[in-house]
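The sequence and structure come first.

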Amino acid sequence: EYHNDFDSVSKTMLSTFHRSPCEYDRLYVSRVEKPKSPKGATIGSICHAVLLEGKRLDDVARQYPDECLKSNGTLNRSRRKDGSSAAGDWESTLGPGQYPVTAAVFSQCDALLAGIRGHQVVDLVKRADYRERAIYWEHPETELACRIRPDFYCLLDDCVVCYDLKF
């Protein structure tokens, strides 16, 4: 998979190296740590699935009571005094490919998507030549194997225009 490919470098890897060569070594060379998901990754993943894959928000996100989720968005499986877990009965309602989210996060995704629906980027997504397809190349000066996986890209006469949406 793209994110587990350490034979080529991505912009994220280069940014990590620029910020901290030691962190780069821990994550991508010795691999003693796994890269952490950035804050807001769930909202971005949900909005990407709706916008780029044509899914409905309800198919991608499942609203859970606040007590069922930890502050990092993962299910709260800790036990209460009575032995039950906060996420207990709710966990079985999560469909494949769904993210468990609070009502506030669900509303935030809904508002983001409502705001972008009329934007010209939606037409660009529909007309894109490729969506979420990786591009690999060798940098001519450094001979580094490089990669990028833009959200979508369009082929124009003699160039490629890449888009990477951020929510």
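The model is predicted: local features need pLDDT of at least 70 and side-chain atom pairs count only at pLDDT 80 or more, while totals for chains, interfaces and linings use all residues. Residues are numbered from 1 along each chain as its sequence is written, and side-chain values use heavy atoms, leaving out hydrogens and water.

A nonpolar core here is a set of buried Ala, Val, Leu, Ile, Met, Phe, Trp, Tyr and Cys residues joined through side-chain atoms within 4.5 Å. Buried means under 20% relative accessible area, exposed over 50%, and partly exposed in between (1.4 Å probe, protein chains only). The largest core has 12 residues, among them I43, C47, L57, V101, F106 and L113.

The largest share, five residues, belongs to α3. Beyond its neighbours within four places in sequence, C47 is in contact (heavy atoms within 4.5 Å) with C109, L112, L113 and F167.

In α5, the buried residues are F106, C109, L113 and I116. Viewed down the helix axis, they fall within an arc of 100°, taken from the directions of the C-beta atoms, so they line one face. The face turned away from this buried side carries the exposed residues A104, A111 and G115.

Definitions and conventions: Helix = DSSP H or I, 4+ residues; strand = E, 2+ residues; numbered from the N terminus.
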